[in-house]
Structure formats: structure tokens, C-alpha cells
Amino acid sequence: MTDKIVEKVAVQTEESRNQGRRAFLKGSAAVAGGVMFTKAASAAEGAGFDPKKAVAPYAGKEEITEVLQDGAARKSLGFGVRKYPYGMPSPFEKEVQRRTLEWLTPDSMASITMTPLQSLHGIITPNGLHFERFHGGVPTINPEEHRLVIHGLVERPLIFTMDDLKRFPSVSRIHFVECPANGAMEWKGVQLNSVQWTHGMMSCVEYTGVRLSDLLKEAGIKPEGKWLIPEGADAAALTRSIPMEIAMDDCFVAYAQNGEALRREQGYPIRLVVPGCEANMWIKYLRRIQVTDTPAQHREETSKYTELMPDGTAQRFSWYMEPNSVITYPSPDFKMEGPGKYYIRGLAWSGRGKVKHVDVSFDGGKNWKEAHFTSPVLDKAWTRFEVEWEWDGSEAFLMSRVTDETGYVQPPMPQMRQLEGTNNVYHRTAMVTWRVHAWENGKSGGMIENVQY
Amino acid sequence: MFSTKKTLVAATVASLFAGSAMAMSGGSDNSGAAGEKIDGKYAANFEQIIKDANGEYLDSKVIEAILGKDAAYGREGLAGKLDPANPYSFEVDDSIDGGNHGNAQCKVPLAFTEVHDSVKANYTNDSDFVARGFGTPIAESAVQAKWNITVDGDGRGLPDPSVGMTVEEGAKVYVQYCGMCHGEFGEGAKGYLPLAVEESLIASSFDEPAPMKTVGNYWPYAVTFFDYIRRTMPFWTPNAPYIGDAGYLGITGYIMQSNYIPLDAEGTELEDDTFYTSELLMKNNKFMKNQGNFFCDHRPVIHNARCMENCADEQVGDGKGNIHNYKQARLLPDGTPQYNVPQRMHEDPPGVGHAGM
């Protein structure tokens, strides 16, 4: 359902974007059409739609002659309203699930699951498939008892109920949220043949909430207040230091996700949204924002989420997620269906703004073809791309490469490895490669394999 | 200006990686000149250059126009980025705790003009703002009593120096509440992280396992450890009153001792009968082994042009133009993928191939 709505929005957006161009084309087409009509009527040259061409690719396919029978759904009544007061996907979709790798973490309370990107369409992740990352399990918090405090270097410390927050002007925006460890298992080489494992530590949803700048201004930041230390109300009481520039740029405190209240896994009743930045900064179960003059140097910004370089030094405060992209179809969960036409689809995103171009290579990066967008192109959000490919059945190496509106071009893996080595867990945002096995290759013909340069 | 130690590290890095990084960028002719150009010589009109380029501040041509052609590429560009005056630097020209930790802050680079424009619109220049009054005022003391348990890198928020216990007593508390998961001597257990492992942070080859990062060899601040364990440990009942500030300080003392963190420049170590308090913690805080080796986000030092056809070998396949030289996921004899085998055999702690989610 959500997917359908998004598709519709995508089409509408595409239409409005093309309106200027289309109006122009319409003018010229009207003339051409008129001419064509006259010509066709007089000489029947077949210049317009050619029905023979349309059916030509079916020429070699065997016709089905067996009489179609009604299925069970046609022979009996379906179930009535309110069988599921909160709707569920069809049982035939039961394999579309968040999944985890048991060897990643020693328990399920400080763990992670990945979103099944290979099964998603459009740019919205359904709430039930949003990836999970907890540091101390999921609390079930009564919103009536939950409070948000803003204190520290402010003119007037304030406390807010959830109802107070909803009285403020609201903002709804679609953003991706990505764990900086997304792709971390593949610094030293490939090991996982699914886009769920290689890129699934992220999701993209519509958030609704109140601008953080509105709340901070409400409390009145003192001139020496330069940093925020947001903190969660869960067992992990997670903290990160956020510079005032990022807080005042486009952060907000969200209470809703895809039109309904946040799910507990994503921070119910409220979470911080820090568009484009590492997901660990998006503090869930937000209960306190301390305004300070310096960063706190807490565990999740010193011991963790810092990046060990090959010379033993480490990067810290790597806030922004780099532009990144991946082909979701075909990807290792699929198999090619024989030589012919394919519409390569995938996702591109950038923590620094809008996606500008996505290019796809079929030959390991030698030559590139620009893809077009089939979704709205939004700031710090997934963007769905598609490009036509005529597969001749020979071995191919598929890669996608994003360029964002800041002009940054996604690098190939050897270049990133050269720079950052392989000991760094986080921000592995270089291109990945899907090897399409030649169609005439025995049992593995048409297989799609995750390989790494 | 900025920390000498860090500059030195970056310079070593630059020379180590100079060859390959420059080859990648195709600008190998002037590799020797890079050091001179990055020394504070940035285009003063960088804002105008970015504006003229429609705000594309990370476009390779814009970066070259602002930083100079040789200054910006690969690991070599790092040395320049440590200079806070560099418009692309995340570094801040200050030192919070007297220099032991070098530069403790980072910032959004000046070249990220759209962020700064947005901050001006939402905050700095928003003179029309009128508070709505939907919140309720609360006394700072009401927050401090229970909720605010934050201790920062400078030790603000630590318990009174009279609170504490001996390192030996701390070890007993540790063994009772922490040892079952982290090992009696901090060596790790049941897949949970070790807290005291002597290991170099430099692996000699890309194929070696990534180094284990623990309190002793990696953490830049000792106070972070106290803040973290009091905030989140023991895992099943965090911030436990039966441990209390004295107990959390005792555990901290034991782990500092296990990691041989000294109290002063002479290397004075914690003895079993040392009464460990916030005062000693602040001494340890100044002598963490890895403290000077952190620097702010250096990305993106990679800035490629968007090539569409017949791209250069550096950008194709294995980085040398060969598209058939790739790594595959290997299979075990039973057909399962050969990934993270030590983790799956419970020989190594769980983790993304590097212990430590």
C-alpha cells in the first residue's frame, strides 16, 4: 500500500518536473501528429504505432492453449473487515523480513537487524521492516510518563510532555537513516551474497516532528552553548555530541514515522532525526538534551564509531554519511532469466544533499550509462534509479556510482582501501560489484555474485 | 596552531601513501610540492568559488581551485586537512585540556556553505523568533539529581574526590559483576569485548585480522570509561545503586591498572592498595596511551571526476584496469560461505570481522 502511494507520488513528481518540457513537446507533437495523420490516411506508410513491432519479441514463445481455471479465491468469500485491525502483509510475503547474522553480536539486546532491500520498491521502508540497532534492548515507554528536558547552557531549562511537543509547528520529511557500520563486514573482501547483508543497515521513512531549532530557541541558547549532548531513556542511555551547526541546520525531534507513531524499535515515543548523519546520532527514546560548550567525548564517539586508519591513527566525529548507491535488482538474491532486456534498479543516497546523477557500468567501471530516477529526488533521502540494459548473455560486472549535488563522485573500492586500509569498521561507502555469470555457464549460468575489486 | 604530534603522524602517513594516492589522482608530477601548497595557502574567496559552481563544494575542480591542484588528493591531503584554516578541515584551532588530547573538538568545515547558510536562516539571523511557551520551566537542580549522570572528557560531572575504593576492592566488584562477560582480567568472555588487551593498532597487511581496540590501546579518555560503565553497566541492570559511585570508581581503577595506564609522566602505576578516586581518574585521563592519535573526519580526500567512457585504469576493476581480478566469498567444504569463521566457531568475539559492534 505504502509502496503504491509512493509510486503514485513518484509519477506525479516526475510529471510536474517534466511539465515545462512536456508543454513544449506537446506543441511540436501536435503539428507532427497532424501531419502524420494526413500521411497515414493517404499513404498508410505505418509511421506511427506498428503492431507488428509490438508483438515481434513474442514470435519465438510457445502459446498457452490450456483453458484457464478459476482459482480458490474466485470460488469462496474472502475474510471480512477487522479480521486484522492492524493490517499484515500477505502470508506469501513471509520471507520478506528483517534478518541478522548471529555471529555479529553476543546477544540480541545489543544487536542489529538488516532491512531486506532486495524486496523493497520505491523509496519508503515499511515500519515493520525498518532495520533495528539497539545498545540495550527495546524499552516500552508510556508516552504519558515520558518527558524531554532541554538544559545546560540555556537561558531557561524547559521540560516538555509529548503533548507539548505536538503543539509546535510540525515538519514532515523523508530521510534515510544509515548505521555507519553498513557494509562493515566487507572491508577485507566479500563474504555475503545478499544486498540485505551488504547494505541493509539502513532504511528510509517519512518522519514527522518538531524542528530542533524551534525547541532550542524556545529554551534560549547561551552564547557559549556550542554542543548538544542528547541522551536516550533506555538501558543504554546512549549519548553523542552534536555540534550546534548540525543541530540548527535541519534536525528535528520526530514522534511519527510513515504516518503513525514511531515504532518502539525506532525510539517510541520520540527520537532525534539528524538528516544525513550517522544513525547512532539519531538518539532514540530521547529524554534529555544537554547544551554544553564542548563535546562530551563519550563512548560512542571515541571507543566506537571512530575509524582506525592503516597507520594506527583514527578518525572521529565522522558525522556525515557519504554518497552511496547499490543495484538492488538484479542483485545476488536474484538469478538472470536469460539474455534480453533488463531494467536495472537500485538506490542512491547522500548524507550531504540530493542525488544528482547515478551511472551504471556493466563492464567493471570502464564505461558508464546514466540512469534516470523513478522516485522523487529528495534531500538526504533514498532515490530510486533505473536504467535499461540489453544483456547478451555474457559475463558482466555491474556497478552503480552516485554523484550528489555537492559534486562528490562515489569512489571504487580499491581507491577507498588504498586510503583507509581494511581495519576501519565504518563508512565503507565505495562501490560494490555484482558479477553476472554468463548464461551458458552450466549450473551457475545467470547467477549474480557479490565480488570485490 | 595545531598539535605537532598529529602533524608529524600525518606527514608520515603522507609519505607512506604518497605514491599510490598521487597515482590515483593522476597528479604524480608535483608530489614534492604538495607540502608547500597546503601550508595555509587557500583561496580566500572560497565562498565565491563555491557559489559560482552552484554550491558544488565537493566537485574535484572546485576543490582544486580552492586548495591548489596538488594539495587535496588521497592520504596526502590529510596533512592539509589538519590545518583548521583549510576550508575543508573539520579541525578546530583549540585545545581543551591543556594539550594532552590535542584538539578535542571538530566543526562543520567552512566550505560546507549550505549548512552554514541554513544555520544563519534558522538561528543566527532569526531575530523574529518569539517563544511559544508550550514547555514548562524546570530548575537545573531537578535535572542534576538523577537524570544528569554525564561526565565529559574534562571530568566535569565526576563524583566528589572523597568517594572511591582501593583498586583491590574495585577488582572484587569487577569480578562479581563484570568478569563473567569481560573476563576476570579483562580478557573478554562469552563473546563480549575484552577490556585489556595489549595489541598494536597497526596490522602489517590488509589480510590480517583487524587489531582489537580496547581501553588500553585505543580509548583516548579515561573518564569516558567511568561515564560509560556507570551509565550502562552491568548490562542487565545499568547504573546499579548496589555498585554506586564508589564501586564504579573502583572498577575503573582496576581496569586502568590492568591496562597499565600511568598516573604521571614518570609512569607511576596504580598499586592494589591505591585508594582510587575521581582525582586519580583525572590523572590517568592525561596519560591514555592512544590519546594523541585521533583527528577529525578527513573525508572526502577522495574527489574523482565523473568519467563516462573509457575510464582510466585507476578507476576500473582492480584499480589497474583488470576487471577479472576480483575477490569472491569462499565456501567451506559443507558449502556454507567461509565468512567470519573464527566468530562462528566461537574462537573470536562476535563482530564485523573486527570484534566490536
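Student: Over the face of which ring does Arg287(A) lie, and at what distance from the ring centre?
Tutor: This is a predicted model, in which local features need pLDDT of at least 70, side-chain atom pairs count only at pLDDT 80 or more, and totals for chains, interfaces and linings use all residues. Residues are numbered from 1 along each chain as its sequence is written, chains are lettered from A and ligands numbered from 1 in the order in which they are written, and side-chain values use heavy atoms, with hydrogens and water left out. A charge sits over a ring if NZ of Lys or CZ of Arg is within 6 Å of the ring centre and within 35 degrees of the ring normal. By that rule Arg287(A) lies over the face of a ring in chain B, 4.4 Å from its centre, and the ring is that of Trp147(B).

Student: Over the face of which ring does Arg401(A) lie?
Tutor: Here the ring belongs to chain A, as does the arginine. With 4.2 Å to the ring centre, Arg401(A) lies over the face of Trp368(A).

Student: How much area do chain A and chain B bury between them?
Tutor: The contact (heavy atoms within 4.5 Å) takes 125 residues from chain A and 118 residues from chain B. Buried area is the accessible area (1.4 Å probe) that two parts lose on being put together, summed over both. Of this area 57% is on carbon and sulfur atoms, and the total is about 10800 Å².

Student: In chain A, which residues lose the most area to chain B?
Tutor: Together they make up 7% of what the chain A side buries. The residues are Trp103(A), Arg316(A) and Leu419(A).

Student: How far apart are the closest N and O atoms in the salt bridge of Asp126(B) with Lys217(A)?
Tutor: A salt bridge requires a side-chain nitrogen of Lys or Arg within 4 Å of a carboxyl oxygen of Asp or Glu. The rule finds 7 salt bridges across the interface of chain A and chain B. For Asp126(B) and Lys217(A), the closest N and O atoms are 2.5 Å apart.

Student: Why is the pair of Tyr342(A) and Trp391(A) edge-to-face?
Tutor: Rings of Phe, Tyr and Trp (its six-membered ring) pair if their centres lie within 6.5 Å, with planes under 30 degrees apart counting as stacked, over 60 as edge-to-face and the rest as tilted. The structure holds 26 such aromatic pairs over all chains. The centres of Tyr342(A) and Trp391(A) are 6.3 Å apart and their planes stand at 70°, so the pair is edge-to-face.

Student: How many residues apart in sequence are the parts that this pair ties together?
Tutor: Strands are DSSP runs (E, at least two residues) and helices likewise (H or I, at least four), numbered from the N terminus. Since Tyr342(A) lies in strand β16 (residues 340–349) of chain A and Trp391(A) in strand β20 (residues 383–391) of chain A, the parts tied together are separated by 49 residues.

Student: Is His199(A) buried or exposed?
Tutor: His199(A) lies in helix α5 (residues 195–199) of chain A, and leaving aside its neighbours within four places in sequence, its contacts include Leu117(A), Asn182(A) and Trp349(A). Buried means under 20% relative accessible area, exposed over 50% and partly exposed in between (1.4 Å probe, protein chains only). At 2% relative accessibility, His199(A) therefore counts as buried.
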